[in-house]
Amino acid sequence: MGYRVAVIGAGIIAGSHLKAMRSMDALAPCAIADIARDRADALAAEHGIPSYADYKQMIEKERPDIAVVTLPHYLHREAACFAAARGCHVMLEKPMAMSASECDEIIEAVYAGGVKLMVGHTQHYDAVNLAAKAWIDGGRLGRLTMIGDRRHQRYDTPTRPAWFFEKAKAGGGILTNLGSHSIDKIQWLTGERIASVTSRIRYAEMRGDIEGGGSAFLVTESGIPATLSQSGYPGAVVDETEFRFTGGSMKLLTGRELWISEGGDYEQVPVPPQPDPFVRQFEDLLGAIRDNREPECSMAYSRSVVAVVESLYRSHERGAETQVER
Ligand SMILES: NC(=O)c1ccc[n+]([C@@H]2O[C@H](COP(=O)([O-])OP(=O)(O)OC[C@H]3O[C@@H](n4cnc5c(N)ncnc54)[C@H](O)[C@@H]3O)[C@@H](O)[C@H]2O)c1
């Protein structure tokens, strides 16, 4: 019998976590909660576990070893702190919380509860991203000089849940949600934190009170410049990160392809297969629990991603370059 895992939130991403745990001997789903009881019931029936409408009641009654939090962003702090205070380890969906100060509250609750918490930054476990990291770390292309990250895809799709369009519940729009993936990708692949941000954000004609897109100029702590550009308006889909080195360049199409140039045209390179990213994520958390250490994706790291997202909005409001809060 493995660790008993309760899932808080039975929405779109909950199924990916449940599928991953089903394939792992070390984990056993034990219950699921959602205020939309029909959603909890449907996943509960599929996995042969009890369902709850109230996640706090579920945690008190089931006493799981691990809680997986897949809630709207404004509830991450509350649920993570509640679970940690009851002695549950936590797998928390990205972004860690709505602000760096909320992340601090979570970190404090995790230390007080004597548990481990990991934010599910899936980018770290994607096969193509892992191959890109091996190229960067291998040094064959020379020193990294600059990065360009572009992610454009219609944000207002019929399947996107309504809370994503409320700033009070989501924190922001595409720059919060997909921006946290891009910021994570830049920081993790370079092994550096972003130190400053200059951004301009567009709000025209987007549903709710969130932004529709924006562009930012980021500088890492060692001075590497990076551009980040995201549009949630209709148009051709783009998801591409380009790294320029002193001796070549690399085009990363996360989840799909990796292209390398050592001077000439780009050539596609093979990508070794990897296990399901959601399985690898759980393995990272399990390693941290067993060895009593931080997961590879640490809480301080996850907080830094939230701090950069906050800086995107702050820089736009100020109309000026903004230093990322440490
Ligand atoms: N890692 C990834 O690639 C990835 C992909 C999608 C979503 N996510 C993240 O996962 C999280 C959830 O996103 P989603 O797309 O699954 O959203 P979703 O809206 O489909 O799921 C959230 C669920 O939480 C439930 N809920 C809301 N308030 C609740 C409460 N008080 N108690 C219990 N349940 C409550 C909702 O009814 C809903 O079913 C977000 O943080 C999102 O950013 C990550």
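From which domains does the lining of the largest pocket draw at least three residues each? In this predicted model, the lining draws on domain 1 (3-122) and on domain 2 (124-276 + 306-323), with at least three residues from each.

The protein is divided into these two domains, and domain 2 is given as two segments, 124-276 and 306-323. The C-alpha centres of domain 1 and domain 2 lie 27 Å apart. Contact between the domains involves 17 residues of domain 1 and 21 residues of domain 2.

The largest pocket holds about 1300 Å³ of space. Its lining comprises 46 residues. Closest to the centre are Ile12, Ile13, Thr70, Trp163 and Phe164. Helix α8 provides the largest share, with 4 residues. By class, the lining of the largest pocket divides into 19 nonpolar, 15 polar and 12 charged residues.

The second largest pocket holds about 230 Å³. Its lining is made of 15 residues. Met98, Gly171, Val309, Glu310 and Tyr313 lie nearest the centre of this pocket. The elements giving two or more residues are α7 (167-170) and α10 (299-318). Helix α10 supplies the largest share of this lining, 6 residues. The lining residues of the second largest pocket fall into 7 nonpolar, 4 polar and 4 charged. Domain 1 and domain 2 each give at least three residues to the lining of the second largest pocket.

Helix packing was examined next. Two packed helices are described by the angle between their axes and the distance between the axes. The axes of α4 (residues 76-85) and α5 (residues 100-113) come within 8 Å and cross at roughly 10 degrees. The crossing angle therefore makes α4 roughly parallel to α5, because angles under 35 degrees count as roughly parallel. On the α4 side, the contact is made by His76, Arg77, Ala80, Cys81 and Ala84. On the α5 side, Glu102, Glu105, Ile106, Ala109, Val110 and Gly113 take part. The contact of α4 with α5 has 6 nonpolar, 2 polar and 3 charged residues.

Ser16, His17, Ala20 and Met21 of α1 make the contact with Phe278, Val279, Gln281 and Phe282 of α9. By class, this contact has 5 nonpolar, 3 polar and no charged residues.

Backbone geometry was then considered. Most residues other than glycine have a negative phi, and most peptide bonds are trans. The peptide bond from Lys94 to Pro95 is cis, with omega near -15 degrees. Pro95 is found in the loop between β5 (89-93) and α5. Arg63 has a positive phi of about 45 degrees, although Arg63 is not a glycine. The loop that holds Arg63 runs between α3 (55-62) and β4 (66-69).

Technical notes: Residues are numbered from 1 along each chain as its sequence is written. This is a predicted model: local features need pLDDT of at least 70, side-chain atom pairs count only at pLDDT 80 or more; totals for chains, interfaces and linings use all residues. Side-chain values use heavy atoms; hydrogens and water are left out. Axes are lines fitted to C-alpha atoms, for helices over the stretch in contact, and angles run from 0 to 180 degrees between N-to-C directions. Angles under 35 degrees count as roughly parallel, over 145 as roughly antiparallel, 65 to 115 as roughly perpendicular and the rest as oblique. Contact means heavy atoms within 4.5 Å. Ala, Val, Leu, Ile, Met, Phe, Trp, Tyr, Cys and Pro count as nonpolar, Asp, Glu, Lys and Arg as charged, and the others, Gly among them, as polar. On a 1 Å grid over the protein atoms alone, a cavity is a set of points where a 1.4 Å probe fits but cannot get out, and a pocket is an open set with protein on both sides within 12 Å along at least five of seven lines; lining residues have an atom within 4 Å of a point. Grid points are joined across faces, edges and corners, and a volume is the space filled by probe spheres set on the points. Domain bounds come from an automatic or database domain assignment.
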